[in-house]
Amino acid sequence: MTNSQSAPEYPDKIDAAVLKVAGVVVLGAIMSILDITVVNVALPTFQTDFGTVDHPLAYSTVAWTVTAYTLALATVIPLTGWAADRFGTKRLYMTAIALFTIGSVLCAMAWSIEALIAFRVVQGLGGGMLMPLGMTIMTRAAGPQRMGRLMAILGVPMLLGPILGPILGGWLIDAASWHWVFLINLPIGLIAMVYAWRVLDADRPEPSESFDVVGMLMMSPGLALFLFGISSIPEEGTIAAPRVWITMLVGAALVIGFVFYSFKPQHPLLDLRLFRNRNLTVSIITMFLFGAAFFGGLLLVPTYFQQVRGESVLMAGLLVAPQGIGAMLTMPIAGALADRFPVGRIVPVGLLLILIGMFGLTQIEADTSYAFLIGTLFVMGLGMGATMMPIMTSALRTLTHHEVARGSTLLNITQQIASSVGVAVMSVLLTNGLKSSDLAGPAIASQADPSLVDRIGGPAAVAKGLSDAAEAFAHTYWVALAMVAVTVVSALFLPRKREASRLLDDEGQPPVVIH
């Protein structure tokens, strides 16, 4: 991000002016992060509301409401730095809030699953700009010496999102309807717009580098087509269906073409030249494997509680909360340790905890005790909190100040793509697993409509169907477990010795880190 002004003098203490700016950014972050976790618990509701109780939509179809959002985030992140220089951070931040809010209202008005997926893209285009712009605004307002304390403030929505999101989503769906999962953003968005307009200082746009239009036209459609092909496998029943292999082939060709093309322009959409840095390469590979396994698996937990155990959406949200509590405990500790110890000694410990938790989920049955499940999710949360931030720290620490903005963009896009791939793969595996049993689908339907029990064949048939469904969830977690195991191998190549940081630029400014 271009900043032609000399570094201003900053007071040591956090003053009221900076706290006001922090309030704007936290509000935007809450909107963006909560929305990801709130929607997770709504997926079974989408299956029945856009389908029927007897014939719910395939899980892989409704999972596109998550995939489309994360893909939109990944698409817009590389545009943010260029657009902020071109239009100014205040103007662009208010535009991002407006776009997110409009997208939320459109989602609430969706009349079909296809419309909801399309509107989630609109929402994601706004949400993707909120965090990187917020970090830029904070960096300029606070200066390098106070960023650690302000990062703690910004960490609040990151920590509370996984806890409050599922609970809030569950309560809104049980008390009202799924529409309110999105409508809740309307008052928050309006308040954030007025707050940003009053508090943020206007900045002068200073267009810097040119925008890579060709790269954009190759990468974004390529990723979307490839993931669409993967997600179509359960509905088509085979990878040989034209809808599957043609879209996957075209998507892969566009992505591969982008990789070769990206070395030609001076300012490519994604600077793949940075992969010459070993630490960045290892960190990004580790982040991709971790993101695909963890976030893909995370999506299945509330669905298991609702469909197999027959819990309400609110109760499913409450039962998922221990995972967020675990992350809340270890994330600040891991952040502090990453400043003192090599991340190669921290991340494997976090991944080991995730392995333990994920193994527990491979053992789930239709009547597994809640104490076991809550303990398993808590351990997974501990591992997640000890893994994510140290990986990001390792990736950025050895980059020069010229490379940091592009490196953070690469890292965060990797995270979003990994999440999209993980969601697509896990939803495909689960859908296929449920289809392999004639009783699983009807038994799940009977949880919502008890009158179906006799039509299925009585309580014994329902119990067999729910057992088959739980087995499908467990088998899916075996794949997630294998992916985490591969991640451990990758993490062993992370730095195991202290390395000097080159994060401060010529004016002592820290980089903009996007979450």
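Residues 24 or more positions apart supply 83% of the contacts (heavy atoms within 4.5 Å) in the protein chain, counting contacts with a separation of 6 or more. This is a predicted model, where local features need pLDDT of at least 70 and side-chain atom pairs count only at pLDDT 80 or more, while totals for chains, interfaces and linings use all residues. Numbering runs from 1 along each chain as its sequence is written, and side-chain values use heavy atoms, with hydrogens and water left out.

**Overall make-up**
- The protein chain comes to 22 helices and zero strands; these are DSSP runs (helices H or I, at least four residues; strands E, at least two), numbered from the N terminus.
- It has 515 residues, and 56% of them count as buried, meaning under 20% relative accessible area, with exposed being over 50% and partly exposed in between (1.4 Å probe, protein chains only).

**Aromatic pairs**
- Rings of Phe, Tyr and Trp (its six-membered ring) pair if their centres lie within 6.5 Å; planes under 30 degrees apart are stacked, over 60 edge-to-face, and the rest tilted.
- That rule gives twelve aromatic pairs.
- Phe 290 and Phe 294 are a stacked pair, because their ring centres are 5.5 Å apart and their planes sit at 15 degrees.
- The two are four residues apart in helix H13 (residues 278-298), so about one helical turn separates them.
- Both are buried: Phe 290 has a relative accessible area of 2%, and Phe 294 is at 3%.
- Phe 359 and Trp 478 pair edge-to-face, since their centres are 5.9 Å apart and their planes are at 85 degrees.
- That pair links distant parts of the chain, with Phe 359 in helix H16 and Trp 478 in helix H22 (residues 459-491), 119 residues apart.
- Phe 359 is partly exposed at 43% relative accessibility, and Trp 478 is partly exposed at 40%.
- One aromatic cluster is formed by Phe 46, Phe 50, Trp 178 and Phe 182.

**Around Thr 362**
- Thr 362 sits in the loop between helix H16 (347-361) and helix H17 (370-385), and counts as buried at 5% relative accessibility.
- Its side chain reaches the backbone oxygen of Phe 359 at 2.5 Å.
- Leaving aside residues up to four places away in sequence, Thr 362 touches Ala 474, Tyr 477, Trp 478 and Leu 481.

Notes. A polar contact is a pair of N or O atoms within 3.5 Å; within protein, one must be able to donate a hydrogen and the other to accept it, and residues adjacent in sequence count only if both atoms are side-chain atoms.
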